[in-house]
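This report is for a reader who is meeting the structure for the first time. Please look at the sequence and the model before reading on.

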Amino acid sequence: MLAFAVSKYKKEKRLVSTENPLFFFSTAVYNTKPLIEIQSTNNTNGRQPIIKPKVVSTHRGIKLAIRWITEAAKKRTEKTMGLRLYLELLNAFDKKGYAFKKKEELHNECSKLSFLKSKFR
């Protein structure tokens with residue numbers, strides 16, 4: 001479905017610099033793949049949870065990136081899902097759009113947590 005959307009709408013909107021849809025898709029996913037996420041674990045006392053950044057595995061990062069791209073495509077207002085998906089992949093390829101912003105927000109939040117942990121130790 002995704003490769004079809006890329007090849008179908010490439011001619012209608014804006015041409016991508018690459019002719020290979022697989023390279024286009026993999027670059028878009030790689031640009032939105034998170035490297036770290038927030039993990040919450042319970043304290044031994046059970047009073048307050050401990051929140052800390054955690055490294056994301058490759059498979060989970062790809063899964064999250066594809067999920068974020070499809071969520072962003074569903075929120076768009078274009079007529080067909082193929083067009084919405086293509087435009088969101090194009091935004092992810094250009095390092096813009098909802099999915100890329102979500103990745104950046106997650107990384108900023110994790111860096112703030114790391115800074116606060118190191119500051120108050």
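Which residues in α3 are buried? In this predicted model, the buried residues of α3 are Gly61, Leu64, Ala65, Trp68, Ile69, Ala72 and Ala73.

**The chain as a whole**

Five helices and two strands make up the secondary structure of the chain. Along the sequence the order is α-α-β-β-α-α-α. The chain has 121 residues, and 35% of them count as buried. Taking contacts between residues at least 6 apart in sequence, 60% join residues at least 24 apart.

Helix α2 covers residues 21-32, while helix α3 covers residues 58-75 and helix α4 covers residues 81-93. Two packed helices are described by the angle between their axes and the distance between the axes.

| Pair | Angle between axes | Distance between axes |
|---|---|---|
| α3 and α4 | about 125° | 8 Å |
| α2 and α4 | roughly 65° | within 8 Å |
| α2 and α3 | about 100° | 8 Å |

**Helix α3 against helix α4**

At an angle of about 125°, α3 and α4 are oblique to each other. Their crossing is right-handed. On the α3 side the contact is made by Ile69, Thr70, Ala72, Ala73 and Lys74, and on the α4 side by Met81, Arg84, Leu85, Glu88, Leu89 and Ala92. Sorted by class, the residues of this contact are seven nonpolar, one polar and three charged. Ile69, Ala72 and Ala73 are also among the buried residues of α3.

**Helix α2 against helix α3**

The angle of about 100° between α2 and α3 means that the two helices are roughly perpendicular to each other. Phe25, Ala28, Val29 and Thr32 of α2 meet Ile62, Ala65, Ile66, Trp68 and Ile69 of α3. This contact has eight nonpolar residues, one polar residue and no charged residues.

**Helix α2 against helix α4**

The crossing of α2 with α4 is left-handed. Phe24, Phe25, Thr27, Ala28, Asn31 and Thr32 in α2 are in contact with Tyr86, Leu89, Leu90, Ala92 and Phe93 in α4. By class the contact holds eight nonpolar, three polar and no charged residues.

**Length and burial of the helices**

Helix α2 has 12 residues, which should span 16 Å at 1.5 Å a residue, and the 17 Å between its end C-alpha atoms agrees with this. Its buried residues are Phe24, Thr27, Ala28, Val29, Asn31 and Thr32. Helix α3, with 18 residues, reaches 26 Å from its first C-alpha to its last, close to the expected 26 Å. Helix α4 has 13 residues and reaches 18 Å, close to the 18 Å expected.

Why can α4 be called largely enclosed by the rest of the structure? The reason is that 12 of its 13 residues are buried. They are Gly82, Leu83, Arg84, Leu85, Tyr86, Leu87, Glu88, Leu89, Leu90, Asn91, Ala92 and Phe93.

**Single residues**

Asparagine 31 lies in helix α2. Is this residue buried or exposed? Its relative accessibility is 9%, so asparagine 31 counts as buried. Apart from neighbours within four places in sequence, asparagine 31 is in contact with Ala92, Phe93, Lys95, Phe100 and Lys103.

Just after α4, lysine 95 has a positive phi of about 60°, and it is a residue other than glycine.

Arginine 60 belongs to helix α3. With a relative accessible area of 33%, arginine 60 is partly exposed. Arginine 60 and lysine 33 are separated by 27 residues in sequence, while their C-alpha atoms are 8.8 Å apart in space.

Technical notes. Residues are numbered from 1 along each chain as its sequence is written. This is a predicted model: local features need pLDDT of at least 70, side-chain atom pairs count only at pLDDT 80 or more; totals for chains, interfaces and linings use all residues. Side-chain values use heavy atoms; hydrogens and water are left out. Axes are lines fitted to C-alpha atoms, for helices over the stretch in contact, and angles run from 0 to 180 degrees between N-to-C directions. Helices (H or I, at least four residues) and strands (E, at least two) are DSSP runs, numbered from the N terminus. Angles under 35 degrees count as roughly parallel, over 145 as roughly antiparallel, 65 to 115 as roughly perpendicular and the rest as oblique. A crossing is left-handed if the near helix is turned anticlockwise from the far one by less than a right angle, and right-handed if clockwise. Contact means heavy atoms within 4.5 Å. Ala, Val, Leu, Ile, Met, Phe, Trp, Tyr, Cys and Pro count as nonpolar, Asp, Glu, Lys and Arg as charged, and the others, Gly among them, as polar. The expected span of a helix is 1.5 Å times one less than its number of residues. Buried means under 20% relative accessible area, exposed over 50%, partly exposed in between (1.4 Å probe, protein chains only).
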